[in-house]
Amino acid sequence: MAEENIFLFVPNLIGYARIVLAFLSFFLMPCCPLPAAFCYLLSSLLDAFDGHAARALNQSTKFGAMLDMLTDRCATMCLLVNLALLYPSYTFLFQLSMCLDISSHWLHLHSSMMKGSSSHKNIDLSGNPALRLYYTSKPVLFVMCMGNEMFFCLLYLLYHTPEPAVWMLVLEGVCGIIFVLKSGISVLHLITASQNMAALDTAERQAVKDQ
Amino acid sequence: MAEENIFLFVPNLIGYARIVLAFISFFLMPCCPLPAAFCYLLSSLLDAFDGHAARALNQSTKFGAMLDMLTDRCATMCLLVNLALLYPSYTFLFQLSMCLDISSHWLHLHSSMMKGSSSHKNIDLSGNPALRLYYTSKPVLFVMCMGNEMFFCLLYLLYHTPEPAVWMLVLEGVCGIIFVLKSGISVLHLITASQNMAALDTAERQAVKDQ
C-alpha cells in the first residue's frame with residue numbers, strides 16, 4: 001500500500017516556498033528594498049495558489065491550512081517589525097496591531113474548534129451582522145485582507161520613495177481606511193470569540209454542578 | 001438563579017491587569033526604562049498568581065487559559081519589537097525568535113486539541129524524551145521559561161546600563177544558554193506537532209477512502 005506523505009503534497013510545497021520567500025524578504029528589508037518587496041509580494045501571491053492546488057489535486061489538509069495561516073500571521077508580524085524600525089515613533093501602534101492580529105485570529109480559531117466539539121451548546125458565531133457580511137462575501141473578505149496587507153506594504157515602499165506619485169498616496173489613503181475597518185472587525189472577532197468561550201465555560205461548569 | 005460572569009472571575013481580572021501593565025510597559029519602553037521594566041516585571045509576576053487564584057477559588061476556565069497564553073505570547077512578541085529597535089542589526093534573529101515562539105505554541109496547541117477530539121488515532125505527543133522531561137518536570141519548565149524571559153529582559157536592561165556588573169553579565173550568559181535550549185525545544189514542538197497533524201490528516205483521508 002503506497003503511503004502518501006502529507007508533507008510532500010503540492011499545496012504544502014507551495015507553503016514552504018512562501019515561508020522561504022518571506023524570510024528572504026525580511027532578511028533583505030533593512031538593506032535592499034526592491035528585492036525585499038519582490039520576495040514579499042511573490043510570497044503573498046503564492047497564497048492564492050496553494051488553496052487552488054489543494055482543491056484541484058484533492059490535497060486539502062488541516063496541516064496545510066495551519067501552515068497557511070501561521071505563514072500569514074508571522075509574515076504580517078515580521079513586516080510590522082520592519083515598519084517599526086522605519087517609523088519608530090509609531091512603534092506602539094504597530095505593536096497594538098500585531099497583538100490584535102495574532103490574538104483575534106487565535107482566539108477565533110480556538111473558540112470555533114471548541115464549539116465544534118461541544119454537543120450541548122450551539123453558538124451562532126456569525127450572529128453579528130457586520131461579521132456575517134465579512135464571512136459570507138468572498139469579494140468583501142478579499143478586499144479587506146488585500147487592502148490591509150497593501151497598507152503595510154505601501155508604508156514600506158513609500159518610505160523608500162523620495163517623491164511618491166499621487167496615485168500611490170491616494171491608494172495608501174484607501175488602504176488606510178480598510179486597515180481601520182479590518183482592525184475594527186478584528187476587535188469584534190476578539191469580543192465574539194471571548195463570549196463564545198465564556199459561554200462554553202459556563203455550560204461546562206453548569207454541567208459539572210448538575211452532576 | 002444567580003448567573004456567574006466568567007469575565008469577572010478573579011483569575012481573569014488578574015489577567016486583564018497583566019495586559020494593562022504589559023501595554024503600559026511597551027508604551028514606556030522607548031522613553032523610560034525603569035518604569036517600563038517595573039510594569040513588565042509586575043505583569044510577569046502576576047502570571048504566577050492567576051493560576052493559583054483559579055485553583056483556590058475553583059475559577060479555572062478555558063477562556064482564562066487562553067487569555068493567559070495570549071498575554072504571554074503577545075508580551076514576548078512586543079518585547080522583541082523593542083529589542084529590535086535597540087539592537088537593529090539583530091532584527092532578523094528577533095523576527096525568527098518571534099515566529100518560532102508563536103508558531104510552535106500555536107501548532108502544538110492546535111494539534112493537541114485535534115488529537116483530543118479524534119477517536120481513531122492516538123498519538124503519543126510526549127514520545128520524544130527531551131519533550132517528556134520538559135512536560136513532566138515543573139521545575140525544569142519553570143527555569144526554562146523564566147530563563148528565556150530573563151534573557152530578553154536583561155538585553156533591554158543591559159542596553160540602558162552603562163557599566164553592567166559582572167553578575168549581570170554572567171546571568172545573561174546563563175539565560176542565553178537557556179534561550180538557545182528553549183528555542184531548540186520549540187523547534188522540536190513544531191516538528192512533533194506537524195507530524196501529529198499530518199498523521200491525523202492521513203488517518204482522515206484513509207477513512208474517507210475506506211468509505
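# Close-up views of a predicted two-chain model

**View 1. Surroundings of B:Phe26.** Leaving aside neighbours within four places in sequence, B:Phe26 is in contact with A:Phe92, A:Gln95, B:Tyr40, B:Ala75, B:Cys78, B:Leu79 and B:Asn82. This is a predicted model. B:Phe26 sits in helix α1 of chain B. Its relative accessibility is 3%, so B:Phe26 counts as buried. One of its contacts, B:Asn82, lies 56 residues away along the chain.

**View 2. Chain B by itself.** Chain B has seven helices and zero strands. Read along the sequence, its pattern is α-α-α-α-α-α-α. The C-alpha trace of chain B spans about 70 × 50 × 30 Å along its principal axes. Chain B has 211 residues, and 46% of them are buried. Take the contacts in chain B between residues at least 6 apart in sequence: 71% of these join residues at least 24 apart. The accessible surface of chain B comes to about 10,700 Å². Carbon and sulfur atoms account for 70% of that surface.

**View 3. Where chain B meets chain A.** In this interface, 49 residues of chain B are in contact with 49 residues of chain A. Which three residues supply more of the area that chain B buries against chain A than any other three? They are B:Lys62, B:Trp106 and B:Arg205, with 16% of that area. Together, chain B and chain A bury about 4,800 Å² between them. Of this buried area, 77% is on carbon and sulfur atoms.

**View 4. The side of chain B that touches chain A.** The rule finds 14 residue pairs in polar contact across the interface of chain B and chain A, with both residues at pLDDT 80 or more. Four helices of chain B each supply at least two residues of the touching side: α1 (10-28), α3 (62-86), α4 (91-117) and α7 (166-210). The largest share comes from α4(B), with 15 residues. By class, this side of chain B has 29 nonpolar, 13 polar and seven charged residues.

**View 5. Salt bridges made by Glu4 in each chain.** Across the interface of chain B and chain A, the rule finds six salt bridges. Over all chains, the count comes to 14. In one of the bridges, the side chains of B:Glu4 and A:Arg205 meet at 2.7 Å, N to O. In another, the side chains of A:Glu4 and B:Lys209 meet at 3.7 Å, N to O. A:Glu4 lies in the segment before α1 (10-28) of chain A, and B:Lys209 lies in helix α7 of chain B, so this pair joins two chains. How accessible are the two partners? A:Glu4 is partly exposed, because its relative accessibility is 25%. B:Lys209 has 52% relative accessibility, so B:Lys209 counts as exposed.

**View 6. A:Lys62 and B:Glu204.** The side chains of A:Lys62 and B:Glu204 form a salt bridge, with 2.5 Å from N to O. The pair crosses between chains. A:Lys62 is in helix α3 (residues 62-86) of chain A, and B:Glu204 is in helix α7 of chain B.

**View 7. B:Asp47 and B:Arg18, a bridge inside chain B.** The side chains of B:Asp47 and B:Arg18 meet in a salt bridge at 3.1 Å, N to O. This pair links distant parts of the chain, 29 residues apart. B:Asp47 belongs to helix α2 (residues 33-56) of chain B, and B:Arg18 to helix α1 of chain B. Is B:Arg18 buried or exposed? B:Arg18 is buried, because its relative accessible area is 3%, under the 20% cut-off. B:Asp47 is partly exposed, with a relative accessible area of 24%.

**View 8. A salt-bridge network in chain A.** Four residues of chain A are linked in a network of salt bridges. They are A:Arg18, A:Asp47, A:Asp68 and A:Asp72.

How values were computed:
Residues are numbered from 1 along each chain as its sequence is written. Chains are lettered from A and ligands numbered from 1 in the order in which they are written. Side-chain values use heavy atoms; hydrogens and water are left out. Contact means heavy atoms within 4.5 Å. Buried area is the accessible area (1.4 Å probe) that two parts lose on being put together, summed over both. A polar contact is a pair of N or O atoms within 3.5 Å; within protein, one must be able to donate a hydrogen and the other to accept it, and residues adjacent in sequence count only if both atoms are side-chain atoms. Ala, Val, Leu, Ile, Met, Phe, Trp, Tyr, Cys and Pro count as nonpolar, Asp, Glu, Lys and Arg as charged, and the others, Gly among them, as polar. Buried means under 20% relative accessible area, exposed over 50%, partly exposed in between (1.4 Å probe, protein chains only). Accessible areas come from the Shrake-Rupley method with a 1.4 Å probe; for residues, only the protein chains shown count as cover.
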